[in-house]
Amino acid sequence: DPAYMNAKADDENYFEELDGMNPCYIYPSNQIEYVDETHGIIPVVFFDDFSYGSFIQGYGQNIGGAQMYAELIVEFPDPVAVGDNEVIPALSLAQNYPNPFNPVTNIAFDLKEAGNVSIEIYNIKGQKVKTLVNDHRTAGEHSVVWNGTDDNNNAVTSGVYYYKMEANGQSAARKMVLMK
């Protein structure tokens, strides 16, 4: 079913977390991040327009906005299943810690089975900043440290970054903040 998000308190699709915002240009992820057998997360990026409406269409004022990030929590029947075949997430990506961080942060992940793993860091513009992992890993719990540098070992600026993990045909992403 479609997900409706509205910041107007008198609307049936009101979300308290969006109160005071003008959410528009909403882009949900095309993949679900499996938290466990009964819950998943769909990352959502949207634009919080500081005025109401689009300046291009002649409404509101052109005073800008902010790119925002949200997560939709999805509940599945217990367990997640497709037909008679139970679907078990192949990976689990934890929130980095500490977050916000300076100068380093830890990223923990879990693999249900061995396989090739890729973990990459992206800036807010979606540009790849660093490849942390790109090799074969055994099943089980793992962690990697990011020291706030790019692929050329240059320090990156303060800001919001995303880390994305791909393994065994699945992917997951999370947001983190580097503060200097």
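User: Leaving aside its neighbours within four places in sequence, which residues is Val-144 in contact with?

Analyst: Contact means heavy atoms within 4.5 Å. With neighbours within four places in sequence set aside, Val-144 is in contact with Thr-105, Asn-106, Ile-107, Ile-119, Leu-132 and Val-133. Take one of these, Val-133: Val-144 lies 11 residues from Val-133 in sequence, and the C-alpha to C-alpha distance is 7.9 Å.

User: What kind of model is this, and how are residues numbered?

Analyst: This is a predicted model: local features need pLDDT of at least 70, side-chain atom pairs count only at pLDDT 80 or more, and totals for chains, interfaces and linings use all residues. Numbering starts from 1 along each chain as its sequence is written, and side-chain values use heavy atoms, with hydrogens and water left out.

User: Where is Val-144 placed, and is Val-144 buried or exposed?

Analyst: Start with the elements. Helices (H or I, at least four residues) and strands (E, at least two) are DSSP runs, numbered from the N terminus. Val-144 sits in strand E11. Next, burial: under 20% relative accessible area is buried, over 50% is exposed, and in between is partly exposed (1.4 Å probe, protein chains only). Val-144 counts as buried because its relative accessibility is 13%.

User: How many helices and strands does the protein chain have?

Analyst: Zero helices and 13 strands. Read from the N terminus on, the elements run β-β-β-β-β-β-β-β-β-β-β-β-β. Of the contacts in the protein chain with a separation of 6 or more, 51% are between residues 24 or more positions apart.

User: What share of the residues is buried, and what is the accessible surface?

Analyst: The protein chain has 180 residues, and 34% of them are buried. Areas come from the Shrake-Rupley method with a 1.4 Å probe; for residues, only the protein chains shown count as cover. The accessible surface is about 11000 Å², with 49% belonging to carbon and sulfur atoms.

User: Which residues touch the most other members of the largest nonpolar core?

Analyst: In soluble globular proteins, nonpolar side chains tend to be buried together. A nonpolar core is a set of buried Ala, Val, Leu, Ile, Met, Phe, Trp, Tyr and Cys residues joined through side-chain atoms within 4.5 Å. Here the largest core has 22 residues, and Ile-121, Trp-146 and Met-165 touch the most other members. Two or more residues each come from strands E7 (91-93), E8 (105-111), E9, E10 (128-137), E11 (140-146), E12 and E13. E12 gives the most, four residues. A second, separate core holds seven residues, including Met-21, Val-44, Leu-72 and Val-74.

User: Leaving aside its neighbours within four places in sequence, what is Met-165 in contact with?

Analyst: Those neighbours aside, Met-165 is in contact with Leu-91, Leu-93, Phe-109, Leu-111, Val-117, Ser-118, Ile-119, Gln-170, Ser-171 and Ala-172. Now follow Ser-118. Ser-118 belongs to strand E9. Ser-118 counts as buried because its relative accessible area is 16%. Beyond four places in sequence, Ser-118 is in contact with Val-133, Asn-134, Lys-164, Met-165 and Glu-166.

User: How much space lies in the largest pocket, and which residues lie nearest its centre?

Analyst: On a 1 Å grid over the protein atoms alone, a pocket is an open set of points where a 1.4 Å probe fits, with protein on both sides within 12 Å along at least five of seven lines; lining residues have an atom within 4 Å of a point. Grid points are joined across faces, edges and corners, and a volume is the space filled by probe spheres set on the points. The largest pocket holds about 500 Å³. It has 23 lining residues; Ser-29, Pro-43, Tyr-162, Lys-164 and Ala-173 lie nearest its centre.

User: Which strands supply at least two residues of the lining of the largest pocket?

Analyst: E1 (23-28), E3 (39-49), E4 (65-75), E9 (115-123), E12 (159-167) and E13 (170-178). E3 has the largest share of the lining, four residues. By class, the lining has 13 nonpolar, seven polar and three charged residues. For these classes, Ala, Val, Leu, Ile, Met, Phe, Trp, Tyr, Cys and Pro are nonpolar, Asp, Glu, Lys and Arg charged, and the others, Gly among them, polar.

User: Now the backbone. What is omega for the cis peptide bond that joins Tyr-97 and Pro-98?

Analyst: Omega is about -5 degrees for that cis bond between Tyr-97 and Pro-98. The bond from Asn-102 to Pro-103 is also cis, with omega near 5 degrees. Pro-98 lies in the loop between E7 and E8, and Pro-103 is placed in the loop between E7 and E8 too.

User: What is phi of Asn-153, and where is Asn-153 found?

Analyst: Asn-153 is a residue other than glycine with a positive phi, near 60 degrees. Asn-153 is in the loop between E11 and E12. Asn-153 counts as exposed because its relative accessible area is 57%. Asn-168, not a glycine, has a positive phi of about 50 degrees. Asn-168 is in the loop between E12 and E13, and it is partly exposed, at 29% relative accessible area.
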